[in-house]
Every structure is written in structure tokens, then in C-alpha cells.
Amino acid sequence: MAGLVPESVQKVAHAALGSREGDKLKDLAHNTKDMTDKDRLTTDYGVKQSTADDWLKAGSNDKTGPLLLEDPFARERIMRFDHERIPERVVHARGAGAFGKFRVYDGIDEFTSAPVLTDTSRETPVFVRFSTVLGSRGSMDTARDVRGFAVKFYTEEGNWDLVGNDIPVFFIQDAIKFPDVIHAGKPEPHNEVPQAQSAHNNFWDFQFNHTEATHMFMWAMSDRAIPRSWRMMQGFGVNTFTLINAKGERHFVKFTWTPELGVHSLVWDEALKLGGQDPDFHRKDLWEAIANGVFPKWKFGIQAIPEADEHKFDFDILDATKVWPEDLVPTRYIGEMELNRNPDEFFTQVEQIAFCTSHIVPGIGFSDDPLLQGRNFSYFDTQISRLGVNFEELPINRPTCPVMNFNRDGALRHTITRSTVNYWPNRFSACPPATAAEGAYVEYAQKVAGIKARLRSTKFQDHFSQAQLFWNSMTPIEKHHIIAAFAFELDHCEDPVVYSRMVNRLADIDFALAQTVAERVGGDVPTEPGRPNHGRRAPALSQIEFPGEAPTIKSRRVAILVADGYDAVAYDAAYAALSAAMAVPLVIGPRRSKVVAADGKASVQPHHHFEGFRSTMVDAVFIPGGAKAVETLGKNGRALHWVREAFGHLKVIGATGEAVGLVEKAIGLPSVAVSASGEVQESYGVVTIKELRPDSLGEAIAIAKGATGFMEKFFYGISQHRCWERELAGLNAQV
Ligand code: HDE
């Protein structure tokens, strides 16, 4: 039955079944049922039900009569419904995820004995969940927030959970502070306001009171906190882990994911609007890309430091508020992850997946990072209150390798272990511990010495150097965004103590930053720097300067605006070229019913109309000419707003023929040179031409800098994500 079982899901599932990637799918198949028209409605205990509509009553055809409590069908339905919810995650409640596979292409035997990182012939199934941190389960996807990036590798040696974020550092150094930082960020206790926002008194009060948070809040005010897509974010393990090789040597490591599509963000105004216009923007984006076969990919990288070099840096390498700058410890990319299958059911897969940082496999170890060690306790503990003590038995969580032990009972245990003994040692030698040769996890024999005290080593005390390094490494446009973010956030703090102190804190990072923000939010404008800026930079921290992959417009949404009388030739040419480049053309018209072209023959049924779908939901806009169409669009306030808003959000706009005048009218800026000349013209990301004909396209559209053709220039602009020159020139209309 078409539509009953999601088709996209099934296609990839079947393709994967013969591979190691398919091991998890095969495993899940034991618990997966397809609902079909052959099924008949039953109770949970298997008895067929004659109706789903009427509760058993004592009445007659003239009189309905009271409901009978005896009705087991009705009671089961209501009781099951009453208990449908489980506690949402105490943080990272809002999220979604997908299945995929991981493969290492540059095995790192010199660092680890873990086959998942050494065996290049292996494919490891994964499930990844992305999330925001502060909002509750129904909150908007585009809030300014850190994004979770949690990966469960179903390895042949057991599950490895790498529970990371899209920002490489964290607010606090010691896990004991976690309840404080989260309480301060979540809605305030007296009125449960605001939802999914850091823009409030308590959040910034905490930041001021914890100088260790300085580096992290700079990242949180940067564009990293408003990603365009989960597919366009980096992921970081944040904590320092260790790798142990076959010779028993240990390295400290940090793990990184880098997306194939580049690292890109929304602009703030857009993020705010999307929160209302499409609160599911990110989860739909991931679903749509996978359903369309444009599978998101990330390269997997490691930074490694030999154990002997632990103390050679001017920061503590176990401090989660510090990055390991790439000029000191370069990232080596060794593997790739692809997400290629949407979940079958949200609750049983995305909501019930349970990550534990304590889940590692032989060859991988922890470090004495005081945040990581606390996390290792917390995640396991929280799953017990969310899902119960048998959470590892849930289909999405259970490993694909054998599991056998003497853990027993507890709520909702459902593995039936046949044995007369449930302890070790036992007279049958049943289920003995494994030897190292059999693959047992053997702890690294780490020397431990010291006093028992509540301490933090001296190097943990430097809270500003890397905050300055981050600020110094930003491009002018990124700095501009950070200033605007502080101005927004502190404007939402009503308590003058909070915003004036914070403004002064900014002077510890950069004097000009502090002055500009103080002027905007009303704190006392600092008269001198809090501390000197060391002036060092690390360009890889900038997402604009970050070395990108080959430019691509794969999976980018491009709106084509039409009305009756549109130029069908230009439309067809653009639509075909966009589809060939694996972009997603979306036709937007004044209505969703048929729109007829200028030649009176061609027609199109728009995907959406101007009111229903907004410019915030696309990456670029194309408008084919056609005198009548352009006249109609020019009289439609919402259509004009579409163009003006897309321009304000720095999106590339392509227009041909009469549509060039429409763009001119909408943006009304003489400094953007717009003309419908025979030649291709480009001005601040507005690409125009008099006539777009298929023969002006050439065979394949090369997406490269310096391209000259109309479509080439338009595509290159889209591949660059946004036209930053427009913002730098102060041309983005405040929409
Ligand atoms: Fe978490 N974190 N965290 N966290 N975290 C949770 O576990 C915690 C931290 C991260 O998609 C909880 O299953 C402590 C850093 C992600 O299911 C909880 C500390 C990083 C997710 C918890 C941290 C993260 C969580 C709540 C300070 C980046 C979502 C629900 C020591 C490396 C995983 C749950 C998912 C979830 C505790 C700090 C990432 C309460 C105590 C640093 C991506 O156990």
C-alpha cells in the first residue's frame, strides 16, 4: 500500500541489508512491523476488536446511556494513551536523527587497536541524533543554541557512543557545575520564561559569574549557534579521550566531524522568523535530504597528542573550555560517515535512543578530563529515569554483537536468559569473563598519584586567552554578527546588574567589542580594556575562512517565483539546470493551482503560494521574465516582500528579462547595479540577464569562481551560501 510504510526508508534499507551496515537494520527487523490493509484491529493481548468508535454502554437506540467500565477495549485504549509520554531529556530534549554508516579510510593502527578506527574494510552502522540544548521537546529548531551531535556506532566489539556538540568547547570545566549552567539557561524558575532562549537575565548572570564560560559564550554568540542545517555543521567530541594501540601506548585525542557541504549558518533575523514560520526547519531539512537521496556526509578527524607531551602546552589539554589550535595539533581526517536512512518511527528510535559517554570499545579510553568523568556517570543515570533500568534492551539501543551477563530483572526486562545460575563464578563455568585475546576491554594501567582534594590544576585558571583567540580569528562579517548577537541577548536582560557587568566582561576579550555592545545595550561604556589582547589568530576557527570542500549547490532550495504569463523557456532552463545540479527547485506562485506561461501552452502547478511559504525557507531566488507575470508580481505585496526579504537575508537572486525590473523595484537600492542587458551582470549577488535560453547554459554547469555565464554565476553565488559583500556594504535591508 503506497504511503503506509515510508518508501524512502524501505529503499535504502533493502540495499543495505547484505552489508555490515545492514546488521543493525536486520537486528531492528525483529521488532519492526509494517502496518497493512491485511491487518485487523486487535487489543494488545491479541483479541480482534469489532469497533474503534463506541465505548460499551448500557442504553438503547433512543438513549445513549452510561459508559460501562467493564469495556476492556476502551479502557486499554485510554490507559495506553494516558501513559504515552516519558520524561523528555533534561537537556537536548528537542532533536531528530537518522541511520547511516561509518568507514575509516586511513586506519590509525599507530594510535589504537579499535577495529572501528583501523580496519578500512569495515562498515559500521550508526545512528546519529542532532538536538538543541535548552528548549523543551516541542521547541523551535532554529533557536540560538549549541547543537548536539550524538553518534552511536554499532561496532562488532560493542556500542561506542560519541556524544558531541557542534561547538568544540563547553561552558564549564567541572561536571559538578552542570546543574547550575543548565538551570541558569533553561526557563527561569518563577514563571518558566523564556523557552529555548539564552537571552535572559539568569543565563547571562551565570556567564558573568563563571569566567571559565567566557570562551564558550563567544562561540555561542557566533553563527555556529544558528546553523543553516544539521548537515552543514561540524561536530566535536569536546572532551579529551584517549586511544591505546596494540603495543599499549596511549595518546590523548579529540574527535571532529566536518561536513561535506561546508559549515553554514542562517542569519539571525531569518532564524527568528523560522522559529514561527517553520519550527521543524532542521528536522525537515534532514528528512528531505535523505528522502531525496542527497545523503549528508561528514569526514571524521582526530587530533592526537602523545601521552609524554601532555604538559607541553600553555593550556591544560584536559580542559574542555579549550580547543587544541590546529597550528599546534593538526587534524588528520581518517574516515567518513554518511546518513542514508530516515527512522521508521520517531518514538521508538529517536526518542528512545540512549547515549552514554561511558560506552567505549577496546582501543578507546577516557582521560582525566573532569567534565568527561562526570558525564560518564550522568548519561547512564539519566537513561534509567527516562527509560528504565533495562534501557539497553530497547531495539534501537541494543548492540549488534552478542550480549550475555548476570545482570537480571528490573522493570520491563524482556530477555529470557535460560540458565540455572545467575552469578559468577559458577560450577558450570557459564559465561566467564573474556581474555584480552578474546577481545576483553582491558583498562590502561594509568599511574595515579596525588592528594584527595576539590582542586583544579593551575592551567585551568586561564579563562581569557582562547576567548581572545576566537574573537581575533573571526572575519569582519563574523565579528559583526557576534556584536549583533550580544546586542540582542543583553537587550533581553532587564536587570541592569546583568547587562552592565557583562559589557565589562567583554572588555576582557576586546575593547572595541565591549564599547560597541555597551553603546547598544545601555551599560556603562568601558573606558579601557580589561586586559591586553594577545593578538594571536587561528583561522580554522572561522567558519567563513574554514577550508571548504569543492563548491556545490546539492540539496539547496531555490525558489522560482512565477505568475500567469511567466517566460516558460527561462523557467524550464533554470528548473532543469537546478535539478541536474541536485538542488531543490521550489516553484512559488500566487496560488497553488495551475499557473499558465506567456505562450499560453506551458503551465506549472506551484509547490506553494507566497503566503504559505516564505523566503526564509529557501537558499536563493530565481525569477524568470514574462511581462504579464512580472506585472502581477509587482502588484503583489507578499511577492515583493519575498524578494526584499531574500535580499535582506543576503541570498543570491537571479532574474531574467522583465523580472530584472521587479528586483530593482523590490530592493530599491541604486548601488546595486541591476540591468536587463544582453550580457550577464552581477552586482552584490544579484545576477541578471536579458534573455535566458537553454543555449546560453552550455552542457554542464561548472560551479567555480570566476564563471561568466548566467547560470554559472548564479550557482557559484548559491554555493557560497550568502553574499557577505552585501552585508559588508551595509546593503541588507532591515526586513
Ligand atoms: Fe550532555 N547530557 N552533559 N553534554 N549531552 C545529556 O543525557 C551532561 C555535555 C550532549 O541526543 C543528558 O541522555 C553533563 C558536553 C548531547 O540523546 C545528560 C555534562 C557535551 C546530548 C547530560 C554534560 C554534551 C546530551 C540528558 C557536564 C558535548 C544529547 C539526556 C559534565 C560534548 C544526546 C541524556 C541525545 C545529553 C549530562 C555536558 C552533549 C543529563 C553532566 C560537554 C549531544 O545525561
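# Close-ups of a predicted model

**View 1. Leu650 is found in the loop between helix 18 (637–648) and strand 17 (652–656).** Helices here are DSSP runs of H or I with at least four residues, strands are runs of E with at least two, and both are numbered from the N terminus. What you're looking at is a predicted model: local features need pLDDT of at least 70, side-chain atom pairs count only at pLDDT 80 or more, and totals for chains, interfaces and linings use all residues. Residue numbers start from 1 along each chain as its sequence is written. Now, back to the loop. Most residues other than glycine have a negative phi, and most peptide bonds are trans. Leu650 isn't a glycine, yet has a positive phi of about 70 degrees. Is Leu650 buried or exposed? Leu650 counts as buried because 20 other C-beta atoms sit within 10 Å. (The cut-offs: 20 or more other C-beta atoms within 10 Å means buried, 12 or fewer means exposed, and anything in between is partly exposed, with C-beta atoms placed from the backbone.)

**View 2. Here helix 18 packs against helix 19 (residues 659–667).** Two packed helices are described by the angle between their axes and the distance between the axes. For helix 18 and helix 19, the angle is about 70 degrees and the axes are 9 Å apart. (Axes are lines fitted to C-alpha atoms, for helices over the stretch in contact, and angles run from 0 to 180 degrees between N-to-C directions.) That angle makes helix 18 roughly perpendicular to helix 19. (Under 35 degrees counts as roughly parallel, over 145 as roughly antiparallel, 65 to 115 as roughly perpendicular, and the rest as oblique.) Helix 18 brings Leu640, Val643, Arg644 and Phe647 to the contact, and helix 19 brings Leu662, Val663, Ala666 and Ile667. (Two residues are in contact if their C-beta atoms, placed from the backbone, lie within 7 Å.) Sorted by class, this contact has 7 nonpolar, no polar and 1 charged residues. (Ala, Val, Leu, Ile, Met, Phe, Trp, Tyr, Cys and Pro count as nonpolar, Asp, Glu, Lys and Arg as charged, and the others, Gly among them, as polar.)

**View 3. Helix 17 (residues 627–635) meets helix 19 (residues 659–667).** Their axes come within 9 Å and cross at roughly 15 degrees, which means that helix 17 is roughly parallel to helix 19. Val630, Leu633 and Gly634 of helix 17 make the contact with Ala659, Gly661, Leu662 and Lys665 of helix 19. The class count for this pair is 4 nonpolar, 2 polar and 1 charged residues.

**View 4. Zoom in on Val630, a residue of helix 17.** Val630 is buried, with 27 other C-beta atoms within 10 Å. Leaving out residues up to four places away in sequence, Val630 touches Gly625, Glu658, Ala659, Gly661 and Leu662. How far is Val630 from Gly565 in space? The two are 8.1 Å apart, C-alpha to C-alpha, and 65 residues apart in sequence.

**View 5. Helix 5 (residues 178–185) packs with helix 6 (residues 201–209).** The angle is about 145 degrees, and the axes are 7 Å apart. In helix 5, Asp180, Val181, Ala184 and Gly185 meet Asn202, Phe203, Asp205 and Phe206 of helix 6. Count by class and you get 4 nonpolar, 2 polar and 2 charged residues.

**View 6. The loop between helix 5 and helix 6 holds Pro194.** Val193 and Pro194 are joined by a cis peptide bond, with omega about -5 degrees. Ala196 lies in the loop between helix 5 and helix 6 too. Ala196 has a positive phi of about 55 degrees, even though it is not a glycine. Ala196 is also buried, with 24 other C-beta atoms within 10 Å.
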